[in-house]
Amino acid sequence: MALRLLLADDNAPVRRSLKTLLEREGFEVIGEASAGHQAVSMAGRHRPDVILLDLSMPYLNGIEAARQIRKSNPQARTIILTVHREYHYVLEALEAGARGYILKSRAVEDLASAIHQVAGGEVFLSRGLSQKIVHNV
């Protein structure tokens, strides 16, 4: 059975590209949101296996959305998908309950592995981010 995903990104062409990539990898995209507050609402209604959240969304960013989703559903598995590589964003995301942090520049290489690892209860960071965190803490 395919893992069920919720995809949240305010950029429609990015969402379409990600959805195509995810479906090609055998995942089922059960919902799409263009803002953080929509992602929170849809996550509560649809209970996806993994929720992919863009960091920079209007009204409610991906980190705050992850925090709210985690509060209402502690078992939720969330991944932040972003262009921001600064370590403070990674730390904030993990503190908010995200279990994955993927750079959009590495989405093609990392996304499928990250989803499987996060769905299995593990943490996934795009290559190079863990070293950046260790050196800045």
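**A parallel sheet, its helices and its cores**

T78 lies in strand β4; helices (H or I, at least four residues) and strands (E, at least two) are DSSP runs, numbered from the N terminus. The model is predicted, so local features need pLDDT of at least 70 and side-chain atom pairs count only at pLDDT 80 or more, while totals for chains, interfaces and linings use all residues. Residues are numbered from 1 along each chain as its sequence is written, and side-chain values use heavy atoms, with hydrogens and water left out.

T78 is buried, at a relative accessible area of 2%. Here buried means under 20% relative accessible area, exposed means over 50%, and partly exposed is in between (1.4 Å probe, protein chains only). Leaving out residues up to four places away in sequence, T78 touches I51, L53, A66, I69, G97, A98, R99, G100 and V118, where contact means heavy atoms within 4.5 Å.

The strand that holds T78 belongs to an open sheet of six strands, in the order β2-β1-β3-β4-β5-β6, with parallel pairing. The edge strands, each pairing on one side only, are β2 (28-33) and β6 (124-125). Two strands pair if DSSP finds at least two bridges between them. Strands of a sheet pair through backbone hydrogen bonds, either parallel or antiparallel.

Next comes β3. Strand β3 (residues 50-54) pairs with strand β4 (residues 78-82) in the parallel sense over four bridges. L53 has I80 in β4 as its bridge partner, and L52 has I79 in β4. Four bridges also join β1 to β3, and these strands run parallel; L5 stands opposite V50 in β3.

Why is β3 largely enclosed by the rest of the structure? Five of the five residues of β3 are buried, so the strand is largely enclosed. In a regular strand the side chains alternate between the two faces of the sheet. In β3 both faces are covered, with V50, L52 and D54 buried on one side and I51 and L53 buried on the other.

Helix α4 (residues 87-95) lies across β4, β5 (100-103) and β6, and runs at about 145° to β5. Helix α5 (residues 107-119) packs on the sheet, where it touches β1 (4-8), β3, β4, β5 and β6; its direction makes about 175° with that of β5. For these angles, axes are lines fitted to C-alpha atoms, for helices over the stretch in contact, and angles run from 0 to 180 degrees between N-to-C directions.

In soluble globular proteins, nonpolar side chains tend to be buried together. A nonpolar core is a set of buried Ala, Val, Leu, Ile, Met, Phe, Trp, Tyr and Cys residues joined through side-chain atoms within 4.5 Å. The largest such core has 25 residues, of which A8, I51, L53, I69, I80, A93 and Y101 touch the most other members. The elements that give two or more residues to this core are β1, α2 (36-46), β3, α3 (62-72), α4 and β5. Apart from it lies another core, of 19 residues, including L21, F27, I102 and I115.

The search of the whole structure finds one cavity of 30 Å³ or more. The largest cavity has a volume of about 50 Å³. On a 1 Å grid over the protein atoms alone, a cavity is a set of points where a 1.4 Å probe fits but cannot get out, and lining residues have an atom within 4 Å of a point. Grid points are joined across faces, edges and corners, and a volume is the space filled by probe spheres set on the points. V40, A43, G44, R47, P48, I51, I69, S72, N73 and A76 line the largest cavity. The elements that give two or more residues to this lining are α2 and α3, and α2 supplies the largest share, three residues.

R47 is found in the loop between α2 and β3. R47 has a positive phi of about 50° although it is not a glycine, and it is partly exposed, with a relative accessible area of 43%.

The loop between β3 and α3 holds Y59, which has a positive phi of about 70° although it is not a glycine. Y59 is exposed, with a relative accessible area of 74%. P58 is also found in the loop between β3 and α3 and counts as partly exposed at 32% relative accessibility. Leaving aside neighbours within four places in sequence, P58 is in contact with D10, S34, A35 and G36.

Terms used:
1 Å grid on protein atoms, 1.4 Å probe; cavity = no way out; pocket = protein on both sides within 12 Å on 5 of 7 lines; lining within 4 Å.
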